[in-house]
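Biologist: I'd like to go through this model with you, one question at a time. Ready when you are!

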Amino acid sequence: MINSLAGRISDSELEVMKLLWRSEEPLSVTEIREALQKSRGWEATTVKTLVSRLVSKGVIRQEKRNVYYYSPLISERDYNSWATRDLIEKLYSGSAMDLIASLVRSESLSQTDIEELREMFRVEE
């Protein structure tokens, strides 16, 4: 599924991926640049570099029409699952319980979040 190289998507590359995940069809570099220039102010060369890196990493594909169009090869859900596992491994020595304990101790979870987690665990049993 997602190899270690694909998982090493930079924050800037992730912005491109998010745009592609939201799109219902492949996008050209021009379309990607226009969307990201509005939100990020990135120039064409920056966007071309990011797209090229993502193609090299095997997380997006390019399709030649009159120009190249790009679409994701991995789903957002799969990437998020990988990134979560990677975070747990790096910061919590693979312990999801330590991650949750850290969230609770730091008061990052609202009472609603805690109740939703309880309900999720009840359903899973």
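Biologist: Is Ser 93 buried or exposed?
Modeller: Ser 93 is in the loop between helix 5 and helix 6 (96–105). (Helices are DSSP runs of H or I with at least four residues, strands are E runs of at least two, and both are numbered from the N terminus.) Buried means under 20% relative accessible area, exposed means over 50%, and partly exposed is in between, with a 1.4 Å probe and protein chains only. Ser 93 comes out at 69%, so it counts as exposed.

Biologist: Good to keep in mind that this is a predicted model, where local features need pLDDT of at least 70, side-chain atom pairs count only at pLDDT 80 or more, and totals for chains, interfaces and linings use all residues. Residues are numbered from 1 along each chain as its sequence is written, and side-chain values use heavy atoms, with hydrogens and water left out. Now, what is the phi of Ser 93?
Modeller: Most residues other than glycine have a negative phi. Ser 93 isn't a glycine, yet its phi is positive, near 50°.

Biologist: What about Glu 107, what is its phi?
Modeller: Glu 107 is in the loop between helix 6 and helix 7, and it is exposed because its relative accessible area is 69%. Glu 107 is not a glycine either, but it has a positive phi of about 60°.

Biologist: How many salt bridges are there in the whole structure?
Modeller: To count as one, a side-chain nitrogen of Lys or Arg has to be within 4 Å of a carboxyl oxygen of Asp or Glu. Some join up: Arg 8, Asp 86 and Lys 90 are linked in a network of salt bridges. A search of the whole structure finds seven.

Biologist: Which residue pairs up with Lys 57 in a salt bridge?
Modeller: The N to O distance in this bridge is 2.7 Å. Lys 57 is in the loop between helix 4 (44–56) and strand 2 (60–64) while its partner is in helix 2, so the pair ties together parts that are 44 residues apart in sequence. Both residues are buried, and the partner is Glu 13.

Biologist: How far is the backbone nitrogen of Ser 10 from a polar atom of the Glu 13 side chain?
Modeller: Glu 13 lies in helix 2 and has a relative accessible area of 2%, so it is buried. The distance from the Ser 10 backbone nitrogen to that side-chain atom is 2.9 Å.

Biologist: Where do Glu 115 and Arg 118 lie?
Modeller: Glu 115 and Arg 118 form a salt bridge, with the closest N and O atoms 2.7 Å apart. Glu 115 is partly exposed because its relative accessibility is 35%, and Arg 118 is partly exposed too, at 45%. The two are three residues apart, about one turn of the helix, and both lie in helix 7 (residues 111–124).

Biologist: Which residue forms a salt bridge with Glu 119?
Modeller: Glu 119 is partly exposed at 42% relative accessibility. The closest N and O atoms are 3.4 Å apart, and the partner is Arg 122.

Biologist: Last one: how far apart are the C-alpha atoms of Arg 77 and Leu 99?
Modeller: Arg 77 is found in helix 5 (residues 76–92), and at 69% relative accessibility it counts as exposed. Arg 77 and Leu 99 are 22 residues apart along the chain, and their C-alpha atoms are separated by 19 Å.

Key:
A polar contact is a pair of N or O atoms within 3.5 Å; within protein, one must be able to donate a hydrogen and the other to accept it, and residues adjacent in sequence count only if both atoms are side-chain atoms.
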